[in-house]
Structure formats: structure tokens, C-alpha cells
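Here is a short report on one predicted model. Please read it beside the sequence and the structure.

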Amino acid sequence: MLTTTRTAALLGGILIAALTGCGTPAEKGTTEAATARPDQGNATPEQAAPGRVTSPGLAGMPPVLDPKDVYAADRPGKMSPAVKGFPARIYVPNTNSNTVSVIDPKTYKVIKTIPVGRQPQHVVPSWDLKTLWVNNDLGNSLTPIDPATGKPGKTVPVSDPYNLYFTPDGKYAIVMASMDRELVFRDAHTMKTAKTVPVDCAGVNHADFSMDGRYFIVSCEFSGELLKVDTAKMKVVGQQKLPFRGAMPQDVKLSPDGSTFYIADMIANGMWVLDGKKFTTPKLLPTGKGAHGLYVSRDSKVMYISNRGEGTISIFDFGRNKLTKKWRLPNGGSPDMGGVSPDGKVLWLSGRYNSEVYAIDTSTGKQLARIPVGSGPHGLAVYPQPGRYSLGHTGVFR
């Protein structure tokens, strides 16, 4: 974050690093008392057709469609009936402005600005695809947005919601309570606490799940660590320190074949390559200064890596297991978090330190638009997107 700072007790000797990180430490805000939306029932994803699995997955999880590609449900045109009629929009949380800018991707213009709680970090699609949750980190609340109308609902009080994920079975939301040093499992609809899991690393922020949904990998930004968490048991079963001084791991993404986790690291200037099952020491693949966000293409062939510190996007080819290209934003920039358009033709990224959003042609790397928004744009969500259900963050669909 650019401005606000959290408690000095957390920062200690890592103040300088933390100020450059994905989330800036700052003092906690006031809880906004509110209730959950009444229309968020126990819905199930409509396109959960029977599929093939190589091993039993998490109980209640929709079957994997293709054991060779966890993103098989994310192809262009594979929109769930749950999102039918939702207008295509780009939702941009502005951490310093306490607003969400709404962009029409056809005109590249901001068409609405929604006031939300203090320091909104990410806009997160719910597991059932029917709600967008704005994570008001220092406001200690979540603001629901109806993607059909673009209207916000009543805020829900939730402590320290830096980021938000959902278990693959749709039962629980997982709040990444960075400053509270907790993973909080909550009812996916009411957000009522089911279990609080204390952690002894600093700055839990991003995650992704294994193909079978039985565990997930979490990055701890401020202590340079990774966690392995058993989904059903809601228990940390592994923890390791990254082998790089001052490491600050960020976004986490699973490879299409489910064999590998990639973890962006903005201080190591690359991404860690991890065998999640074995949870052995990962290897570093340099990508660029300030590596931050990871996004898989619609055909599952490549991954886009935003290098926030140098205004570039690196392209990683899964089949060739190597970096193949690097796109540079004209006149620089600070590409951070975002997502891919439903047709796969445009990569949308927030410009964290430039109060702008970038639209990038995925076939050429050409910048299509640079759109002014509020201050400190962060976890941008492209919505709707293909997929049967959402695992959270800015849109991890399966």
C-alpha cells in the first residue's frame, strides 16, 4: 500500500519491506455493524456435471472435469447459468480512496464509483458466483455487490478481511486475516465464524487449492513463509521459510495439471516453483522486479506474471516449462492484480501506484487502454468469467 501503516508492533524490523508489499500495515479501523444479505442461500454451481478424477477429492467438491487440466471449466463461452444476464464489468477496489471503480470493458470508461469501507483490498467472487465481496480490510467488514445490478448491499462485520477464499465444497469462506495472524473459516453465505486457525507466520495473504481440494498453499508476506493447510481438518500441516533473505511471497497459482504451485515473490523478483504434495523447498524462477500477480490463460497454455516493480508482464509457457516473452507497458506503470477477460483476449491489471488500470491484448502484449481510477487500486476483479464455481481472490474459477 502507498499510504496507511499498521501497528508498529507487527512491523518491527520489517517496516521498509512491508511498505512495498501487497498489503500495507496500518492501524485497525472500526467495525461496521451490519447483517448478511438474505438472498444468499445454499446454492450450488449449476454446471457441476460429473467428471473424472484421479483420486478421491474433498467431500462435496464438484468433480474435476479433466484430471489433466484443473482449468478445463474456464474456457471461453463456458459461462455458468448462475451468471446469466450479468453485465461485463471490471471492479477496481481503490485502497486509499475507499471506493470501487466500475469500468465498462467495451468503452474502457469508469461508469460508476461505489463508496465502500475503509481500505478495500480485493473484490472477490463468491463460490456460488452470485455475489462480489469487497474486502474492507481496515473497515473490518465485507461489502456485497450484486453483479446483476451493480448495487452494493449491507456490510457484514468481519475482522481483518485482507483477502477471501472459498473451500472447493462451497461450505466455507476463508478470511486471510493478515494482521490478526489467523485463517478464519466462516460460513460461505452468512460469514458466521466456524473455526479460527491461529498461525505463527506474518502476513497471510494469498492461496490456491490442490486439484483434489484436500489442501491449500498459503503465502505469508511479511515473514517470507509458506503454509500447507488441510482443508477438511482446517489445520496447518506444513510450514517452511523461503530460502531468500527478505522474501515477500504474494499470489499463488496451481499449474493446470495440478502438479506444481507457483508463488510470486516481489522481493526475490520471480516466482517459486513448489511441489505441493511433497512440500519440499521450492526453486526460484526469476521473472522481473516486483513479481506479484499470476493469471492463467483461457487455453491453460500460459501464465501471465505481473512484475509490479518494473512495469512488465512475463509469459510462462506451461508445456515448455519456461518463460517465453516479456511485455513492457509503455511509459512504465505498476501492474498488480487482476484477471483475464471471458474470451481470453484481454488481460486486466490494476496499476497500484499510478491510480490507473491497464487493458492488455493477450495476443500481442499491446496496451489497449490505460484508465484513470481512484488511489491505490489493488485486487481488481473481471466479472463475470467462465467457470462452475469460485475459489475466491480476484477470481480463481474451476
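## Strand β5 and its partners

Leu132 stands opposite Ile145 in β6. The two strands, β5 and β6 (residues 141-146), pair in the antiparallel sense over 5 bridges. Strands here are DSSP runs of E, at least two residues long, and helices are runs of H or I of at least four; both are numbered from the N terminus. Two strands count as paired if DSSP finds at least two bridges between them. The β5-β6 hairpin has 4 residues between its strands, and Asn140 in the turn has a positive phi of about 50°.

Leu132 also has a bridge partner in Pro125. That residue belongs to β4 (residues 120-125), which runs antiparallel to β5 and is joined to it by 4 bridges. The β4-β5 hairpin has 6 residues between the strands. Leu129 takes a positive phi near 75° there.

## How β5 is covered

Is β5 (residues 132-136) enclosed or open? 5 of its 5 residues are buried, so the strand is largely enclosed by the rest of the structure. Buried means under 20% relative accessible area, exposed means over 50%, and partly exposed lies in between (1.4 Å probe, protein chains only).

In a regular strand the side chains alternate between the two faces of the sheet. On one side of β5 sit Leu132, Val134 and Asn136; on the other sit Trp133 and Asn135. Both faces are covered.

## A four-strand sheet

An open antiparallel sheet is formed by 4 strands in the order β9-β10-β11-β12. β9 (163-166) and β12 (193-198) stand at the edges with a single partner strand each, so one side of each is left without a neighbour in the sheet. The twist averages 20° from one strand to the next, taken between N-to-C directions of lines fitted to C-alpha atoms, on a scale from 0 to 180 degrees.

Within this sheet, 6 bridges join β10 (residues 172-177) to β11 (residues 182-187). Val175 stands opposite Val184 in β11.

## Pro63

Pro63 lies in the loop between α2 (15-19) and β1 (89-94). Its relative accessibility is 28%, so Pro63 counts as partly exposed. Asp212 is 149 residues away in sequence, yet the C-alpha atoms of Pro63 and Asp212 are 8.7 Å apart.

## The whole chain

The chain has 2 helices and 29 strands. Of its 398 residues, 61% are buried.

## Basis

Residues are numbered from 1 along each chain as its sequence is written, and side-chain values use heavy atoms, without hydrogens and water. In this predicted model, local features need pLDDT of at least 70 and side-chain atom pairs count only at pLDDT 80 or more, while totals for chains, interfaces and linings use all residues.
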